[in-house]
Amino acid sequence: MLAEDKKSSSRDQVMATGVELTIRLGVLGLLLYSSFLLVRPFISIAIWSVVLTVALYPVYSSIVDLLGGRRRLAAALLTLLSLLIVIGPATWLVFGLIESVRILSERFDPSALSLPPPLETVRSWPLIGTQIYQFWDLASNNLQAALAKIAPHLKPIGSSLLEIASDAGTGAIKFFIAIVIAGFAYSPAPSLVDGILKFSRRLAKERGEEFVQLAGATIRAVSRGVIGISALQAFLAGLGLMVAGIPGASLITSAVLIFGIIQIGPSIVLVPVIIWSWTVMDTTTALLFTAYMIPVNLLDNVLRPLVMGRGLQTPVLVILVGVIGGTISYGITGLFLGPIILAVIWELLVAWTRDYDSA
């Protein structure tokens, strides 16, 4: 009887302990989830702040040396310089885009447009021939009626474009905030790095510090090889477009910068412009414009592998895959998260293979 009472008491104690542990874990999970909801709007700002601090810290150290060790003044000057570098071209692009849209709206007159009647062979196209022929015939007789017919189908596209524009505006504001926050992080950066190193040693005692250094080197390599080269390429392309008098130069320059950063490349924009130049310019001008724009178009293919390979033992191909995959998966912040994650995984695989071979 006494043994049964002990067993029952032991079961009750284990059950009570399990219930208490479940409640603690539930409360902890709820607190962590609530904390995540609170900091989620600031995650991208925090990531950009870290990226800017790591990428620009060598510049900050040089400014500190020039100012005789005045760290706060150096941080303020670098923050102001960063804001001017970002705000200046951004303002030029915004005003250029507004001007381009104004010119297009003035030149685009639907009442003056006319389409030739469709060919009878269009009707014989499989599956969609009849629909295309009917719509084309309507557009050739009454363009406004044809536009009114497809307007409901264009509304989702317009909503998507407005959403993209809104996200771009929000991202720009977050980036400006990140520049200011990075300005406050330059001075205490050594103590912050010490804290990160201590945390990394708790996670991986033998290689934690190495992974932190690898993350910093990857951030600098991506900053130079992706954003730096894309900005240089967009600047040179914009200069050539302005000198040649290409209409919508600001819009084209913006596209060159964006396509360069997301790793599509500027060829999708610049090649049609080069082809178009031969139809509207005289031969000499078109030849000079082409001779200038082709090297600019190929600039990233030559410089990016050279720049991104400096200071990294991780293969450039792994970094490029991380850049492209990270951008597709996580947006612009994935531009840095992707290569950092793949670089760490690559180094882990190399260390595991090396340890297996030595064993």
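Here are some numbered notes on this structure, from the whole chain down to single residues.

1. **What kind of model this is.** You're looking at a predicted model, in which local features need pLDDT of at least 70, side-chain atom pairs count only at pLDDT 80 or more, and totals for chains, interfaces and linings use all residues. Residues are numbered from 1 along each chain as its sequence is written, and side-chain values use heavy atoms, with hydrogens and water left out.

2. The score to watch is pLDDT, the predictor's confidence in each residue, from 0 to 100. The protein averages 75, and 72% of the residues score at least 70. Confidence is lowest in α5, with a mean of 70, and highest in helix α10 (residues 283-297), at 87. Where pLDDT is low, the predicted coordinates should not be read in detail.

3. **Overall make-up.** What does the secondary structure of the protein come to? It comes to 13 helices and zero strands. Helices (H or I, at least four residues) and strands (E, at least two) are DSSP runs, numbered from the N terminus. Of the 359 residues, 30% count as buried. Buried means under 20% relative accessible area, exposed means over 50%, and partly exposed lies in between (1.4 Å probe, protein chains only).

4. **Helix α4.** This helix covers residues 129-141, and its 13 residues should span 18 Å at 1.5 Å a residue; the end C-alpha atoms are 18 Å apart, which agrees. (The expected span is 1.5 Å times one less than the number of residues.) Gly129, Tyr133, Ala139 and Ser140 are the buried residues of α4. Looking down the axis of α4, you'd find these buried residues within an arc of 130 degrees, so they line one face of the helix. The arc is that of the directions from the helix axis to the C-beta atoms.

5. **Helix α6.** With 15 residues (189-203), α6 reaches 21 Å from its first C-alpha to its last, close to the 21 Å expected at 1.5 Å a residue. Which residues of α6 are buried? They are Ala189, Leu197 and Ser200. Seen down the axis of α6, the buried residues fall within an arc of 80 degrees, so they line one face of the helix. On the other side of α6, Lys198, Phe199 and Arg202 are exposed.

6. **A closer look at Phe199.** Phenylalanine 199 has a relative accessible area of 55%, so it is exposed. Its C-alpha atom is separated by 9.1 Å from that of glutamate 209, 10 residues apart along the chain.

7. **The second largest pocket.** This pocket has a volume of about 870 Å³. On a 1 Å grid over the protein atoms alone, a pocket is an open set of points where a 1.4 Å probe fits, with protein on both sides within 12 Å along at least five of seven lines; lining residues have an atom within 4 Å of a point. Grid points are joined across faces, edges and corners, and a volume is the space filled by probe spheres set on the points.

8. **What lines that pocket.** There are 31 lining residues, and Val50, Val54, Val193, Ile196 and Val212 lie nearest the centre of the pocket. The helices α2 (43-66), α5 (143-185), α6, α7 (208-244) and α13 (334-358) each supply at least two lining residues. The largest share, nine residues, comes from α7. By class, the lining has 24 nonpolar, six polar and one charged residues. Here Ala, Val, Leu, Ile, Met, Phe, Trp, Tyr, Cys and Pro count as nonpolar, Asp, Glu, Lys and Arg as charged, and the others, Gly among them, as polar.

9. Isoleucine 179 sits in helix α5 and is buried, with a relative accessible area of 4%. Isoleucine 179 and leucine 78 are 101 residues apart in sequence, and 9.6 Å apart in space, C-alpha to C-alpha. Serine 254, in helix α8 (residues 249-261), counts as buried at 10% relative accessibility.
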